[in-house]
Amino acid sequence: TILVIQGPDATGGERPAADGMQAALDERARSAGQRLVHLRCDSEAQLVERIARIDRGQTDLILFDPGRLARPSAGLGQALAQLAVPYIEVHGDHHD
């Protein structure tokens, strides 16, 4: 499973092309034998709490878009540092 975690104001459903992109990503994951699971968090506290609950046995990789939290606090940085699952931080083009 590939977990996609989006922070506050991350690129997603507010853009018209997002649904088509979502379907394409889901299909590519399936063709690679993976499943995408999407989580959207509305606050940094919610991000930290969800990251702390990630189970290594359930998740193979995390794609993390911090949204407007491009400069996370020490708490979020610590939660990411303690992950037992590899993650890739990505940034959408939502900060025009």
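Q: Before we discuss helix packing, how are the axes and angles defined here?
A: Axes are lines fitted to C-alpha atoms, for helices over the stretch in contact, and angles run from 0 to 180 degrees between N-to-C directions. Please note that the model is a predicted one.

Q: Understood. How do the axes of helix 2 and helix 3 come together, and at what angle do they cross?
A: The two axes, of helix 2 (residues 44-52) and helix 3 (residues 74-81), come within 9 Å and cross at roughly 20°. Because angles under 35 degrees count as roughly parallel, helix 2 is roughly parallel to helix 3.

Q: Is the crossing left-handed or right-handed?
A: Helix 2 passes helix 3 in a left-handed crossing.

Q: Which residues make that contact?
A: Helix 2 contributes Glu 44, Leu 47, Val 48 and Ile 51, while helix 3 contributes Gly 75, Leu 76, Ala 79 and Leu 80.

Q: And how do they divide into nonpolar, polar and charged?
A: Six residues of the contact of helix 2 with helix 3 are nonpolar, one is polar and one is charged.

Q: Let us step back to the whole chain. How many helices and strands are there?
A: The chain has three helices and four strands. Along the sequence they follow the pattern β-α-β-α-β-α-β.

Q: What percentage of the residues counts as buried?
A: Of the 96 residues of the chain, 31% count as buried.

Q: A change of topic: where is Thr 59?
A: Thr 59 lies in the loop between helix 2 and strand 3 (61-65).

Q: Buried or exposed?
A: Thr 59 counts as buried, because its relative accessibility is 7%, and the cut-off for buried is under 20%.

Q: What is Thr 59 in contact with, leaving aside neighbours within four places in sequence?
A: Thr 59 is then in contact with Thr 1, Leu 3, Ile 54 and Val 85.

Q: And Gly 33, where is that?
A: Gly 33 is placed in the loop between helix 1 (18-31) and strand 2 (36-40). With a relative accessibility of 64%, Gly 33 counts as exposed.

Q: What separates the C-alpha atoms of Gly 33 and Thr 1?
A: These C-alpha atoms are separated by 8.8 Å, with Gly 33 and Thr 1 being 32 residues apart along the chain.

Definitions and conventions. Residues numbered from 1 in each chain as written. Predicted model: local features only at pLDDT ≥ 70, side-chain atom pairs only at ≥ 80, totals over all residues. Heavy atoms only, no water. Helix = DSSP H or I, 4+ residues; strand = E, 2+ residues; numbered from the N terminus. Parallel < 35°, antiparallel > 145°, perpendicular 65-115°, else oblique. Left-handed = near helix turned anticlockwise from the far one by under 90°. Contact = heavy atoms within 4.5 Å. Nonpolar A, V, L, I, M, F, W, Y, C, P; charged D, E, K, R; others polar. Buried < 20%, exposed > 50% of the residue type's maximum accessible area, 1.4 Å probe, protein only.
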